[in-house]
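The structure comes next, and the notes follow it.

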Amino acid sequence: MQKLGQIALNQTAYIDSIECEENIKRRLLELGLIQGTKIKPVFKSPLGDPTAYEIRGTLISIRNEEANRIIVKTR
Amino acid sequence: MGLTVKSTGNQVFSKTNKKKYRYQIAIAGNPNVGKSTIFNALTGMKQHTGNWPGKTVENTTGICTFHKENYLLVDIPGTYSLMSNSEEEEIARDYICFTPLDATVVIVDATCLERSLNLVEQIMEMTQNVIVCVNLLDEAQKKKIEINLKKLEKILGVPVVGTIAKKKKTLRILMETIEKTVKSKKKQEGKIIKYSQEIEEVIMNIQNKIEYHSSQTSLQKRWCVLKILDGDEKIIQTIEKKQQIKIQKNEELQNYLQKLRQQKEFQKQYIRDKLINTIVKETEEICKEVVIFHEEDYQKKGRKIDKILTSKIWGIPIMLAFLGIILWITIIGANYPSQVLSAFFGKIQEYLEAWASLYEIPVWLKGIAIDRNLSNRNMDSSCYATTYGNILSFIYFIRGLGSFTKNCI
Ligand SMILES: Nc1nc2c(ncn2[C@@H]2O[C@H](COP(=O)(O)OP(=O)(O)OP(=O)(O)O)[C@@H](O)[C@H]2O)c(=O)[nH]1
Ligand SMILES: [Mg+2]
């Protein structure tokens, strides 16, 4: 088990659980970050935060603060 | 908004537009999928549109005349969902739920159908006469994404129309579909999501404990129960008020809920996750059926990012830095041959595009290098960095500041 924020660029991981604050968690779930979903960090912004992730064929950007509360498996 | 009066067969005056209309149609969808562009094309209005999300923050109405009949179209703010509580989501949800609409058009992005369908499912759960409009078909084609619209229509059980906002012909088909829908005698319901057997049983139990208003459709009854299960206090209060039913003072119901919540899997958080999970899985399945990616690597060409959790603090300084660079190019760079400049822009374009959308700066960069249309232009013949372009961008920039800060959490 690792945190999403620790995954290196272009490494694939799978969502295990989200431990963010309720509202944010909900939003992430609605965007499709449910258990087992494949997610891949693809690039960082110039200051290193936020990071853009590839998920379900689209890109979303997530702040590192949140990414560190998302638990993933690398399988 | 002037939408308090409802047209029941008779024509009604629209306060804002001073014109009579017979049908009222909502235009919903994710941010940046072309809702306003389609709205403008149909109503002849000039709502602000642009290549960044969140431009429309309140409902805008306009009249569209088709086959001599007037339709009131309502452009509602773009949202990814109607469940969590941002201001836009509330406006959109309340409007769709509590306005007697003749139809709701949900515009979805053909290039990322999966995410768009989440909203479609949610809207089908709360209202009848939904029409799905798959827009940006030209972009999808460029990215070699094929969508089987007929099959999607069959799976969802509601009309599906494919459009390219600039092509009038495709919009005509959309209007024909709307016409057919509002004129049909019976209101149509899509194939809504079925939850696990356990949850469905509880839904039935709760439904039996509520005394509904006689005018409520079975769909509305079910949606109300889902909101009770979900435990969203605010929406429950609104439902009680608007639909005149008792929930919080319904003792039998409250006792039942209290017992129910003692089971772990029916605690607010668990049940919420479960409901969302079911919807996400369903849309995943649907996409497996109807979307074909002919080129797996399509992502690499021109990435578009959805700003979900971007940092508020750094956005503006970076934007200012960008502005500085642009001004510099205007003053100094204008002396460089355009070839050099186009090489420069060509090289950093992909990076710029991704980066810019991360911070929502296309607002003002739009006029310069990374607009969807501009990026296809012949770079040699026209130099991007014209003074005019920059002044224009600056205006965009100032205008965009407002919408810019709003979209981040
Ligand atoms: N290529 C292409 N571009 C489109 C199409 N429809 C809209 N656009 C462009 O997409 C961008 C966004 O369109 P808008 O109409 O502003 O999107 P919106 O859904 O109203 O966005 P919000 O109000 O932020 O929710 C604009 O730059 C449009 O020109 C289409 O079918 N094809
Ligand atoms: Mg709009």
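The largest cavity holds about 120 Å³ of space. A search of the whole structure finds five cavities of 30 Å³ or more. On a 1 Å grid over the protein atoms alone, a cavity is a set of points where a 1.4 Å probe fits but cannot get out, and lining residues have an atom within 4 Å of a point. Grid points are joined across faces, edges and corners, and a volume is the space filled by probe spheres set on the points.

This is a predicted model, in which local features need pLDDT of at least 70, side-chain atom pairs count only at pLDDT 80 or more, and totals for chains, interfaces and linings use all residues. Residues are numbered from 1 along each chain as its sequence is written, and chains are lettered from A in the order in which they are written.

**Largest cavity**
- Its lining includes B:Leu82, B:Arg93, B:Gln122, B:Trp223, B:Leu226 and B:Ile279.
- At least two lining residues come from each of helix H3 (113-126), H8 and helix H11 (268-290) of chain B; helices are DSSP runs (H or I, at least four residues), numbered from the N terminus.
- The cavity lies between domain 1 (5-183) and domain 2 (197-293) of chain B, because both give residues to its lining; the bounds come from an automatic or database domain assignment.

**Second largest cavity**
- About 70 Å³ of space lies in this cavity.
- A:Glu30, A:Leu31, A:Gly32, A:Arg56, B:Glu114, B:Arg115, B:Asn118, B:Val280 and B:Thr283 line it.
- H3(B) gives the largest share of this lining, three residues.

**Helix packing**
- Helix H7 (residues 197-209) and helix H8 (residues 218-230), both of chain B, pack at about 110 degrees with axes 10 Å apart; axes are lines fitted to C-alpha atoms over the stretch in contact, and angles run from 0 to 180 degrees between N-to-C directions.
- H7(B) is therefore roughly perpendicular to H8(B), a term for angles of 65 to 115 degrees.
- Residues in contact (heavy atoms within 4.5 Å) include B:Ile199 and B:Ile203 of H7(B) and B:Val225 and B:Leu229 of H8(B).

Definitions and conventions: Side-chain values use heavy atoms; hydrogens and water are left out. Angles under 35 degrees count as roughly parallel, over 145 as roughly antiparallel, 65 to 115 as roughly perpendicular and the rest as oblique. On a 1 Å grid over the protein atoms alone, a cavity is a set of points where a 1.4 Å probe fits but cannot get out, and a pocket is an open set with protein on both sides within 12 Å along at least five of seven lines; lining residues have an atom within 4 Å of a point.
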